[in-house]
Number of protein chains: 4
Amino acid sequence: MAMRGILRLGEVQIRVLDMAEAKRHYGKYMGLHEMMTDAEGKVYFKAWNEKDHHSVVLRETDRAGLDHFAYKVFDDATLTELQRKIEAFGIAVENVDAGVYPKSGRRIKFRVPTGQEMHLYAEKEYAGNTLGETNPGTLPDEGVIRGMRIDGLDHLFVLGPNMADTVRLFTEVFDFDLAEELVDEPGGNQILTFFSCSSRAHDIAFGMHPEPDRFHHASFRLSSTEDHVYAGDLMGKYGIPIEQNDRHGITGVKTIYFFDPSGNRNEIFVGGHTRYPDTPKLTWTMDHLGLAAFAQSLHVPETFLGVST
Amino acid sequence: MAMRGILRLGEVQIRVLDMAEAKRHYGKYMGLHEMMTDAEGKVYFKAWNEKDHHSVVLRETDRAGLDHFAYKVFDDATLTELQRKIEAFGIAVENVDAGVYPKSGRRIKFRVPTGQEMHLYAEKEYAGNTLGETNPGTLPDEGVIRGMRIDGLDHLFVLGPNMADTVRLFTEVFDFDLAEELVDEPGGNQILTFFSCSSRAHDIAFGMHPEPDRFHHASFRLSSTEDHVYAGDLMGKYGIPIEQNDRHGITGVKTIYFFDPSGNRNEIFVGGHTRYPDTPKLTWTMDHLGLAAFAQSLHVPETFLGVST
Amino acid sequence: MAMRGILRLGEVQIRVLDMAEAKRHYGKYMGLHEMMTDAEGKVYFKAWNEKDHHSVVLRETDRAGLDHFAYKVFDDATLTELQRKIEAFGIAVENVDAGVYPKSGRRIKFRVPTGQEMHLYAEKEYAGNTLGETNPGTLPDEGVIRGMRIDGLDHLFVLGPNMADTVRLFTEVFDFDLAEELVDEPGGNQILTFFSCSSRAHDIAFGMHPEPDRFHHASFRLSSTEDHVYAGDLMGKYGIPIEQNDRHGITGVKTIYFFDPSGNRNEIFVGGHTRYPDTPKLTWTMDHLGLAAFAQSLHVPETFLGVST
Amino acid sequence: MAMRGILRLGEVQIRVLDMAEAKRHYGKYMGLHEMMTDAEGKVYFKAWNEKDHHSVVLRETDRAGLDHFAYKVFDDATLTELQRKIEAFGIAVENVDAGVYPKSGRRIKFRVPTGQEMHLYAEKEYAGNTLGETNPGTLPDEGVIRGMRIDGLDHLFVLGPNMADTVRLFTEVFDFDLAEELVDEPGGNQILTFFSCSSRAHDIAFGMHPEPDRFHHASFRLSSTEDHVYAGDLMGKYGIPIEQNDRHGITGVKTIYFFDPSGNRNEIFVGGHTRYPDTPKLTWTMDHLGLAAFAQSLHVPETFLGVST
């Protein structure tokens with residue numbers, strides 16, 4: 001009980017068109033720490049304050065998008081139990097041995113109804129945040145927090161068909177809460193759904209899309225409003241294209257959307273509701289799309305609805 | 001799985017010496033909303049952004065301190081299961097019918113090893129935060145957020161004997177994580193322990209004290225650093241005695257400690273680590289007490305160690 | 001010496017199409033305090049932390065725009081001396097007796113080369129900020145700081161022809177510093193000019209426009225980044241149209257542009273360079289217009305260049 | 001007119017007991033940039049966003065304190081005029097040739113009534129802030145803003161006898177405004193005086209002290225509340241002794257006082273009133289010393305009154 005089962009988004013593997021440019025974007029500009037390059041040339045990053053070995057993996061290829069995303073679970077028994085439940089739900093699960101994904105324990109691998117490849121794992125090599133576990137203090141040495149001063153990879157927003165199955169999978173099998181939803185009309189179809197498995201506003205979100213396996217964005221957590229402004233200033237300095245700088249009505253986070261050089265969308269955010277499983281679901285309707293999506297400007301850029309990778 | 005079991009601190013009942021002064025402090029100064037007065041004269045408050053009917057109950061009497069604290073659990077079945085586990089642990093549990101505590105479903109009631117009366121409950125009347133659940137937007141009307149701009153009651157710090165039993169109860173029975181601890185020496189006795197049942201830094205904390213049932217403080221969550229500064233400015237305006245304005249090394253929150261007119265200690269805070277059950281426990285040693293307690297000034301006021309109610 | 005001569009923007013008189021809507025916008029939404037209505041129906045406002053009687057005057061008529069703007073000068077002798085210098089510069093000056101403009105001492109009145117009516121005055125009735133001048137403390141009572149939490153009217157941006165004369169008038173006659181400029185090419189024509197008469201980034205700005213007497217915006221100062229975000233949230237809540245939320249490269253301020261119900265553009269901002277008369281002029285070139293204007297997104301909305309009142 | 005005469009505090013020369021420790025404190029910890037060491041071993045620093053060559057000079061010797069402070073004036077003619085006025089006031093003035101103080105134009109040198117050596121100068125070698133003067137953008141490269149993220153040297157607080165003469169000198173000769181004062185009783189003696197020569201809350205302050213030439217502190221300006229918190233966190237990390245972290249009632253700035261390794265007091269601050277020459281003087285009385293000095297805690301540490309160098 002308490003906080004168990006699926007804990008958090010632990011890894012995204014993103015396809016990039018040019019690794020040198022991508023390393024500059026995710027490394028120098030965003031400030032993630034480059035941890036290693038594997039034999040296939042994939043590059044592994046972590047945010048300074050993440051403790052597992054890596055959270056972002058970049059793979060160079062000729063098409064942008066998301067290879068897979070992976071959530072960390074409480075322990076190995078959880079993994080076994082979830083495999084049983086996912087298969088009972090009717091989704092085929094593949095077992096992957098420890099070490100196949102570098103620094104990672106065994107995984108289970110399957111496709112969610114929206115078409116993305118999802119992994120679950122219970123173990124990843126520990127790297128720490130440079131402060132240690134005994135009398136760590138509060139600040140790392142100068143230079144460890146850099147670039148956009150990102151605290152950690154936080155959540156994911158993906159697109160595809162089969163929203164109803166997605167909701168069933170995440171609530172009934174994964175025990176996430178459906179925290180918020182955007183519906184076409186009161187009592188109508190779900191266009192967007194936001195799920196939480198923690199005391200935070202959301203841990204994953206889905207949007208309806210006719211094509212499966214579309215990637216909308218991966219989102220990174222900042223520590224303060226001032227760091228949010230600083231990140232926006234850095235984007236201007238480095239010429240990173242900003243799509244929107246606003247407040248989400250849904251989840252309440254202060255957000256900036258921007259693009260990596262391959263056209264993958266990134267988000268940085270700060271704040272957002274503290275929520276619990278007993279917090280009633282919030283429902284937003286399409287006639288309030290502006291407020292739901294971008295609650296300051298009430299304006300939704302066409303690209304935000306139309307562009308995915 | 002995900003976030004289940006015990007969810008959060010939902011209620012503290014605090015003894016005050018003068019209700020008029022206490023209402024001014026918790027109501028006008030701190031900005032909590034007064035919800036009702038019961039037949040016995042107890043006054044019920046909630047923070048604007050809490051959705052259950054109340055979280056702070058004040059009872060006027062001739063001795064300051066804490067009557068009880070109550071955590072909300074996921075559902076009624078959780079309550080039944082926890083009763084079984086608590087009794088199996090060797091603690092006597094009393095059943096309290098719904099409605100005995102106003103606006104509350106049935107409760108189970110027992111004493112934790114440090115001597116405080118703890119309740120668990122699954123239901124409390126819903127009051128909402130004025131925004132509703134459909135297209136709520138992000139800001140309530142002018143005047144709803146007031147005083148210290150408190151978002152919600154957050155956690156509790158209590159004192160008493162029997163630390164080892166406390167750790168066993170909260171980790172083995174309640175499935176909280178022991179997130180951080182202060183020990184007298186490496187591998188030595190636990191002086192302070194901090195437990196999390198969420199993705200936040202702590203949900204309850206305990207300190208060694210020879211006497212049982214001592215109340216150190218109840219803590220309230222703010223939304224931004226700027227609100228933290230504003231709350232400090234308000235304390236000066238209203239002549240509320242500040243004990244310390246600093247950063248905790250443990251948990252990483254920015255804190256201000258102050259006293260209500262009866263001498264009960266309050267805390268407001270912002271920030272703190274995002275943590276998960278797989279985050280390694282952080283250990284602080286007494287020779288780094290300054291850094292552990294107040295990581296900016298490294299100074300621990302004598303009252304902070306010596307005064308409780 | 002020290003800070004003398006022209007001190008600051010003290011008043012703007014703005015034309016609005018519907019006074020009820022305008023009062024809601026400048027009063028309830030922006031949080032300015034309504035001070036009085038004069039015999040002609042003009043409504044007078046001040047920001048809570050301004051000490052003179054009013055800074056914003058609204059006049060209802062059938063065309064939006066700016067009636068006049070007025071700067072406060074050090075003393076009456078300054079007014080006399082400035083009249084002499086302005087006439088020597090070749091601009092006709094009209095004398096206006098004390099009391100013609102309510103609560104105001106005598107004024108001198110003339111048209112700047114860009115066509116706007118400008119006033120100078122040395123006296124205005126004192127109203128205070130509710131805190132008094134003896135042991136004022138730091139915070140007014142609850143409710144005094146409201147709406148967008150504006151600290152004060154700050155500066156002005158107007159459009160018209162005759163940029164070279166404008167620069168000569170403001171630097172040679174008024175002793176302002178040309179702090180920053182946007183030029184069409186290195187060494188080329190000035191498109192935008194920003195002048196400071198204080199230790200702040202700018203006190204007035206001008207843009208080239210073929211038509212005289214065009215009003216781009218009046219700008220209001222906030223006290224913190226968090227209040228800036230809060231103001232943006234309020235704009236969404238009240239449906240106030242936001243034009244841009246970004247950082248200015250020029251002056252370095254964090255800005256939001258929005259419109260009043262009559263189509264007059266307003267700005268709120270926070271921050272910006274601390275500057276002095278010995279700070280070298282900063283020059284921006286049209287090929288860096290994005291960075292100069294909006295240094296996060298590098299995007300300049302067409303309305304920002306095309307819409308004025 | 002506008003902003004002329006004396007512009008700002010441009011230089012402090014501080015005596016330190018151990019240069020290696022002092023360089024670590026002012027360089028690595030505070031984040032000032034080391035610019036040069038002169039033939040006598042004095043070390044010169046500037047804050048990243050200051051444009052003149054240096055603002056802080058450290059001299060190693062066996063007694064802590066302040067050698068001199070220097071204000072920059074508008075131009076050479078101002079220097080000549082001020083020399084005449086200072087001598088007419090009855091203070092002896094010494095002329096110092098350009099270059100005697102490295103990177104500096106000619107100076108005039110004299111003792112203020114409180115006993116400190118004060119300089120005035122119109123020229124100092126330009127160093128810039130790394131951004132240049134053409135299309136500078138808003139952010140320097142990573143690593144330029146470091147340590148306590150100080151924007152610039154800001155103001156000075158010194159102690160000594162002869163308060164009445166000090167007030168006459170700064171208001172009648174230097175044309176500063178007496179912005180705020182602390183008096184022993186209404187209409188009584190001035191204990192503390194705060195003067196502004198800009199649109200900011202204060203540019204220099206004086207306190208009564210029986211001994212002449214005592215140094216209370218030099219103060220450095222930050223850009224945001226978040227940087228203020230960050231600086232406090234750094235002080236804890238580096239073990240820098242904090243004397244007080246609070247809000248000043250006088251001037252309204254958010255402050256932290258701390259000590260360099262030689263015992264000289266430093267201040268970092270953010271915010272404070274925007275003020276103008278027409279802002280009425282604020283008067284604080286000794287029976288409100290707590291509010292005047294530290295408006296959150298209302299507590300004045302004994303060291304704050306008793307310790308100077």
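**Entry 1: the buried area.** I looked up the area buried between the two domains of chain A and found that domain 1 and domain 2 bury about 3200 Å² between them. Of this area, 68% lies on carbon and sulfur atoms. I note that the model is a predicted one.

**Entry 2: the domains.** I then looked up the bounds: the assignment for chain A places domain 1 at 6-121 and domain 2 at 152-306. To the contact, domain 1 of chain A contributes 40 residues and domain 2 of chain A contributes 40 residues. I also recorded the separation of the C-alpha centres of domain 1 and domain 2 of chain A, which is 20 Å.

Entry 3: How many salt bridges are counted between domain 1 of chain A and domain 2 of chain A? I found one. I looked up the pair A:Asp213 and A:Arg111, which form a salt bridge in which the closest N and O atoms are 3.7 Å apart. For polar contacts, I noted 13 residue pairs between domain 1 and domain 2 of chain A, with both residues at pLDDT 80 or more.

**Entry 4: the domain 1 side.** I asked which elements give two or more residues to the side of domain 1 of chain A that touches domain 2 of chain A. They are the strands β1 (6-16), β5 (65-73) and β7 (107-111), together with the helices α1 (19-29) and α2 (76-89), of chain A. β1(A) gives the most to this side, with nine residues. By class, I recorded 25 nonpolar, seven polar and eight charged residues on the side of domain 1 of chain A that touches domain 2 of chain A.

Conventions
Residues are numbered from 1 along each chain as its sequence is written. Chains are lettered from A and ligands numbered from 1 in the order in which they are written. This is a predicted model: local features need pLDDT of at least 70, side-chain atom pairs count only at pLDDT 80 or more; totals for chains, interfaces and linings use all residues. Side-chain values use heavy atoms; hydrogens and water are left out. Domain bounds come from an automatic or database domain assignment. Contact means heavy atoms within 4.5 Å. Buried area is the accessible area (1.4 Å probe) that two parts lose on being put together, summed over both. A salt bridge is a side-chain nitrogen of Lys or Arg within 4 Å of a carboxyl oxygen of Asp or Glu. A polar contact is a pair of N or O atoms within 3.5 Å; within protein, one must be able to donate a hydrogen and the other to accept it, and residues adjacent in sequence count only if both atoms are side-chain atoms. Helices (H or I, at least four residues) and strands (E, at least two) are DSSP runs, numbered from the N terminus. Ala, Val, Leu, Ile, Met, Phe, Trp, Tyr, Cys and Pro count as nonpolar, Asp, Glu, Lys and Arg as charged, and the others, Gly among them, as polar.
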